[in-house]
Amino acid sequence: MCDKRLCACEKKTKPGFMSPDDERVKALEKAYAEYMEIDTNSLLKKHLTQQVFDTLKTRITNQGSTLLDVIQSGLKNPDSHVGLYAADQHAYDVFASLFDPVIEEYHGDFTSNDVHPPLDWGTADDLGDLDPSGEFVISTRIRCARSVDGYPLNPTMTETHYMELEREVKQALESLEGELKGTYYSLATMDKETQQQLIDDHFLFKEGDRFLEAANANRFWPTGEGIFFNEAKTFLVWCNEEDHMRLISMEKGGNLSSVYSRLVKAVTEVGKKVRFSRHPRLGFLTFCSTNLGTTIRASVHARLPKLSEDYAKFEEIAAMYNLQIRGTRGEHSESVEGIYDISNKRRLGLSERDVVFEMRNGVLEMIKQEKQLMGE
């Protein structure tokens, strides 16, 4: 049985409509006309045709979100690769004629007729250690995102929502035991020195992401936001950063089995305490359409100086295994000393097990190529 808060959010499943004379519609038409004059390669620009725009411009979700709420980040940031966010869970259905083609292109032919498979973690032991010698893989990290049923997504959350959700998440996390046992720290009460140290250690997120700001996702910073980590700092949870929860397992070296096993245990245990939002077709729902389905990003920091000298070959291998190559410090950064962040690109349309195996197999092939170039 769902609680009253959840039922209230789901009473209305069909979209509402604004009058064409509504000021919100007029503001949207003006913003769209200006955007069409901008030169951008974003998926938003590609798929928000005049016909799609005219179909969607008067629609409104059961949380009160309009098309402008969905596309405002892309309008303000023409350099966005995607350019749209779900202002609430209902947005994926109400604005499906925009979301679906973007999702299909980003996630590799996941069409509007496809259905994401059921949860399947597989067996962690099958993954093994990517680099037993410790020569190439510096660290391994797997994270997944979860939204909590009964709460809208960040752009439509109130300050009260943030505080209530933080309390619920904190209570669930502080009940964890064994290697997952740890402490929750709220950003609202954290001293600046501790906060900066956690940022410098690459554990904590920080304020100021212009894409999130434009999407109206950082309105009450730092209310309701925080971080949890276990004593070994091999398991972290971010609360109310981009998504309600980001659960992260990581450790030095390439023991993928160990990292994955810890994540599976954590997500399973937390899922017993809080109910996660899941769409019948799109899998686990999050704020960003690039992060649906499994929501898993499995990655390594790997030193591959020889292979990366032939960057075309490097990218060819990555494409073969649907991997993404980023710089040492992640997206929009450069490589330092031949170290790259390598992760799966696909999250939707395949199981949790398959997502992680895709990354595993691609990284093993990259290490094989690196060894050949080294003459081993």
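**Around strand S7**

Let's start with a hairpin. Strands S6 and S7 form it, with five residues between them. In the turn sits asparagine 240, and its phi is positive, about 60°. Keep in mind that this is a predicted model.

How do the two strands run? S6, residues 235-239, is antiparallel to S7, and five bridges join them.

S7 has another partner. Strand S3, residues 137-146, pairs with S7, again in the antiparallel sense, over eight bridges. Here threonine 140 has glutamate 251 in S7 as its bridge partner.

Now, is S7 buried or exposed? Seven of its eight residues, 245-252, are buried, so the rest of the structure largely encloses this strand.

Take methionine 245. Beyond its neighbours within four places in sequence, Met245 is in contact with residues including Cys144, Arg146, Leu173, Trp238 and Phe276. Met245 is also among the residues with the most contacts inside the largest nonpolar core.

Last, confidence. The chain averages a pLDDT of 91, and 94% of the residues score at least 70. Among the elements, helix H11, residues 256-271, has the highest mean, 98. Helix H1, residues 4-10, has the lowest, 38. Over residues 1-12 the pLDDT is below 50, and this stretch has 14 contacts in the model beyond near neighbours in sequence.

Definitions and conventions: Residues are numbered from 1 along each chain as its sequence is written. This is a predicted model: local features need pLDDT of at least 70, side-chain atom pairs count only at pLDDT 80 or more; totals for chains, interfaces and linings use all residues. Side-chain values use heavy atoms; hydrogens and water are left out. pLDDT is the predictor's confidence in each residue, from 0 to 100. Helices (H or I, at least four residues) and strands (E, at least two) are DSSP runs, numbered from the N terminus. Contact means heavy atoms within 4.5 Å. A nonpolar core is a set of buried Ala, Val, Leu, Ile, Met, Phe, Trp, Tyr and Cys residues joined through side-chain atoms within 4.5 Å. Buried means under 20% relative accessible area, exposed over 50%, partly exposed in between (1.4 Å probe, protein chains only). Two strands pair if DSSP finds at least two bridges between them.
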